[in-house]
Amino acid sequence: MKEFQRYLLDRIAAANSHTLSVYRQQGGYKAIEKVLKTPLKPEDVITVMKDSGLRGRGGAGFPTGMKWSFMPDVTKDPRPRYLAVNADESEPGTCKDRVLMERDPHGLVEGCLIACYAMRAKAAYIYVRGEYRLSYDRVQAAIDEARAAGLVGKNILGTDFSCDIWMHKGAGAYICGEETGLMESLEGKRGHPRPKPPFPAGSGLWKSPTTVNNVETIFNAPFIVERGAEWFKSMGVPKSTGNFLCGISGHVNKPGVYELPFGLTARQILDEVAGGIWKGRKLKAFFPGGSSTGLMPASAIDVVMDHDSVKAAGSMFGTAAMIFLDETASIPQVMDVTLRFYDHESCGQCSQCREGTQWLHQMFHRIARGKGKREDIDLLVSLANGMAPGKTICALADAAAIPTLAAVKHFRAEFEQCVELGRDPLAPTHAPAPELQGAH
Amino acid sequence: MSQTPNPAPSSASTPAPAPAPKPATIKIQVDGREVEADPKQPLIRACHDQGVDVPMYCYHPGLSPVGSCRICQVEVAAGPGQPSRVVAACRTPVSPGMVVQTDTPKAHETRRECLEFLLKNHPLDCPICDKAGECDLQDYSFNEGQGKGRSSEPRRKLEKRKSLGDVIVLDEERCILCSRCVRFFQEVTHKPQLTVSGLGSRSTIATFADKPLSGNYQGNIADICPVGALTLKPFRFQARVWNLSKTLSTCAECSRGCSITVEALRGKEVKRFRPRFNPQVNQHWMCDVGRFAYAPVTQALPPEGGIVGGRLVGAAIRGYHGLERVELESALAEVADLLRAASKPLVLLSPFVTQEEARAALELCAGLGVAPRFVSPAPNNLKDDLLHTGDPCPNRRGLSELGVAAIEPAAALAELAAANAALLVGERIQSLLDVAALAKLPATARLVVLDVAAHDLAALSAAIGVPTHVEKSGQWINVDGHVGVLNVAVPAPAGVAPLERTLRELLEHCRAPAAR
Amino acid sequence: MALSPKLVREFDELVTHYPEKRAGLIPALHRCQEENGGWLSPETIEDLSAYFGLEPVEVFGVASFYPMFRLAPRGKHLVSVCHNISCTLRGAEELLAHVCKVTGASVGGTSPDGKFTVVRVECQGACANAPMFDLDGVYHEDLDDKKAEQILRSVK
């Protein structure tokens, strides 16, 4: 793996990297200064974001500049506009945004300012998952410092650009990481995703034009504005530019959050970054980008880690939350755990998702405990195909269906074995924790 | 949305023509037919308006659409030859040229899948469920379902008989979480009382802290519940809906005159009232006062075969030995004599008489040389912002339009006390005047009562039974001038003639005394 | 009962962050829960609904949606053990069993002395430092039985 330029995690090595003074020492707030003092036109900022090729880092990989350009023409639509920063980070395996928020919160603040300027948004709301207490406190402290320094609020840096940034807490629901579920939750309601159309840029927070972006996506903005689109495009591969944060977990020697360029193979990441599979064991399977991307078999380990290559290989880049399983991992058990998650997190609106996530969970649970039946395996596929794609208000149904299909596709034999044996040969052997009756 | 192009600047002196007015409807294609669609309504309405039965659970035309049940999925393409995709019709705006197909294998497959998911946890309660026979889950499963479920998993175990107050019972296991009931209270009564509680497969419908539901509109949520999750306590286990005859009628409990359906077991005993859609009067709703008023409609016969103290079947005259049953002809002849002999008999109408009955009464009064009035009780305290007018007279406006003046019960009783003959006409007239007060009138008042029930009144000279409002046909006019029709839902007991006919025969008797 | 003046002052400032007051509801629910022993009583729901101009059933519906909001009393300390994929792969179930042993609580329940409530939670975003638990809002990561026990025993 050759040397590559770093920028995302460049500043966090410094002590107190989360403070304003250290941020400034390390070159912070130069980007917003450039924007406001040149001054750049909002449209020009959007153009440079488009040219950079930055794709959203929240899982969908949608081109960020294009998303920003969906905001309506301000001369024709006088409604206030908002940026919502998705810091709900709840995709299983994903633990990268909290690194930025805990260790470099001013980077996020500056990114918000640039995004709000580009989209003429009057305020940014940073929706942080309720469990991320340290992230919340660090970003709030950074906003307070920035406000005191005239960088947030009215007339920023003495210009007529005014922008507020508010922290907002979630309360433990994964579905509030879905754009429209996030907006419902921010408005003080149950986090039920909204049917689309309308789309957030047309009708978002409080029916106003809104753009929802992931933390890491926004975090990239100051670098792109300051160093230029060409610089950004010099990193990664043509259709997945820049660097990304890769969260590596599971059966590896060196789990962690790493800044990486696009274009490495999963094998390179496993062997050269994560220290290989632990305990001298062999790789069995891996999730390339969070549980919703579904398992890839060990044979797919040479997949190139960029958005389009992973898609072409039959999975998704997602949040680059790479979870590695060794040969002792039971696929039925992993799928039981995975579907338990989607069963818990379905908001319950759509019939297929509400019933289907529970049904799939019950089936994987049964199979993993040796109570599977032969016809279960095909039924899993049939149910997953009944849930997705595109049959529900949001993609949580897809997030449950895709891993189901991938597991059966790549590991059918293991499921069949559990059925034939009447037990899971790879089942954990420790005594389970005592469960309160009725608790789930 | 197409825009009218700006006319190019012209060098001619004539001004540019004004842009054409935007059409109220747009043209789309539904199942191969070109139809006009209202652009303000979702696609599902365009389909329904054309008689295309796209299934629905969470959608209801009286509530905002949420697109959650996913049963209304149809195939749409932006235009002919364009690629089609499956969408939820209730949340899809119509656009000009849209090509909609509701009957394709893909649309049916999507609905079949959706039904299988709904039936995964839904209990097999049909044999004990009130909703059987009018259940959208049954109906669509029969139309589009797959007949045999593939689940071997245990179903959710939840509360099956949760009382939500005096009107509604909730069966949490049957609920398919369409949220219509939640939206009803939010959007129609403007006072949220229900919520979805929890999330995912653990969701249930709930009130806060087990508080019972309140207000006068609770029954509507049992109507709009697509399954048997919400049932009406008074109706539980009373009848199988396929044994109920259904007759279009009008509610009698206030001057709103909500359109209703009267449903009677085998056409004989009224088991429930349900609201009927009427965009000008009551939309899809009715209040609980009106909904549960069918109970008093069935009036028991007097005890031990007596004449007073219950439903009056036939006619009775006060002879030397007290009230005696007589043939209707004979009663009419005696009443005609009594009325002709009196100088200016008092004629009072119940506000429950129909226009047809009122006209017959007016003709009779013309023949007697008197003007009738209708008893007009004071407004009650049930008036609300939704339907109930607080005026207990279903045909006040109709009678007023016929020129019949109103008289308050107290004033009427005063006149009755001084009268030497009075004719009281119509259902509930005695209770509107107050039976206890009537009982105090002297025998000289010589009341002739044409009412549903007979009471032990010293002043009673003759009584003739009349049909209730579910036993007659006719028209009322509601507070806003809309006609409310009545139809015979159950037959009046044998021996009870239609009031209009009784009045006309009475008039005949009044005109031809020499024939005897 | 009514919200304390301190909370009212906080909420009065909080709602100025949003164009519509209701957006302050979930942050306010958090604060009320913090001030009320880690759970939301019916009285608190009613107080909040009065403050936000909502019906109690609406506030209840919101609170019931979110796993972090507890609608019944719990033990003094809340131990939330992640049981999602990365944590399970690195011993979350064994950790959970040990936590129950040390605290005396069953999963989903409270220890007999009322000191600990132990619950399973979904991915907490500590995947690279698995397994973990959250104790009273603080993450404890890279746990083994020994470390977990040490942490729990040092809690007052």
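Of the 156 residues of chain C, 61% count as buried, where buried means under 20% relative accessible area, exposed over 50% and partly exposed in between, with a 1.4 Å probe and protein chains only. This is a predicted model, in which local features need pLDDT of at least 70 and side-chain atom pairs count only at pLDDT 80 or more, while totals for chains, interfaces and linings use all residues. Residues are numbered from 1 along each chain as its sequence is written, chains are lettered from A and ligands numbered from 1 in the order in which they are written, and side-chain values use heavy atoms, leaving out hydrogens and water.

**View 1. Chain C has 7 helices and 4 strands.** Helices (H or I, at least four residues) and strands (E, at least two) are DSSP runs, numbered from the N terminus. Starting at that end, you can follow the elements of chain C as α-α-α-α-β-α-α-β-β-β-α. The C-alpha atoms of chain C fill a box of roughly 50 × 35 × 25 Å along the principal axes. Contact means heavy atoms within 4.5 Å; among contacts in chain C with a separation of 6 or more, 59% are between residues 24 or more positions apart.

**View 2. Chain C meets chain A through 50 residues of chain C and 66 residues of chain A.** The size of an interface is often given as the accessible area lost when the parts come together. Here about 4400 Å² is buried between chain C and chain A, with 60% from carbon and sulfur atoms; buried area is the accessible area (1.4 Å probe) that two parts lose on being put together, summed over both. Look for the 2 salt bridges between these chains, a salt bridge being a side-chain nitrogen of Lys or Arg within 4 Å of a carboxyl oxygen of Asp or Glu. Arg98(A) pairs with Glu141(C) in a salt bridge, and their closest N and O atoms are 3.1 Å apart. On the side of chain C that touches chain A, the elements giving two or more residues are helix 2 (25-35), helix 4 (56-65), helix 5 (85-89), helix 6 (92-103) and strand 4 (138-140) of chain C.

**View 3. Chain A also touches chain B, with 34 residues of chain A in contact with 33 residues of chain B.** Together chain A and chain B bury about 2700 Å², 49% of it on carbon and sulfur atoms. The rule finds 3 salt bridges across this interface. Lys391(A) forms a salt bridge with Glu113(B), where the closest N and O atoms are 2.8 Å apart. Helix 13 (331-345), helix 14 (351-368) and helix 15 (374-387) of chain A each supply at least two residues of the side that touches chain B. Of these, helix 14 of chain A gives the largest share, 10 residues.

**View 4. Chain B contains 14 helices and 25 strands.** Of the 516 residues in chain B, 56% are buried. Its C-alpha atoms fill a box of roughly 90 × 80 × 40 Å, taken along the principal axes.

**View 5. Met66(A) belongs to a nonpolar surface patch with Phe62(A) and Phe70(A).** Where does Met66(A) lie? Find Met66(A) in helix 4 (residues 64-69) of chain A. Met66(A) counts as partly exposed because its relative accessibility is 39%.

How values were computed:
Patches are made of residues with over 30% relative accessible area and no salt bridge: like charges are joined within 9 Å, nonpolar side chains (Val, Leu, Ile, Met, Phe, Trp, Tyr) within 5 Å. Accessible areas come from the Shrake-Rupley method with a 1.4 Å probe; for residues, only the protein chains shown count as cover.
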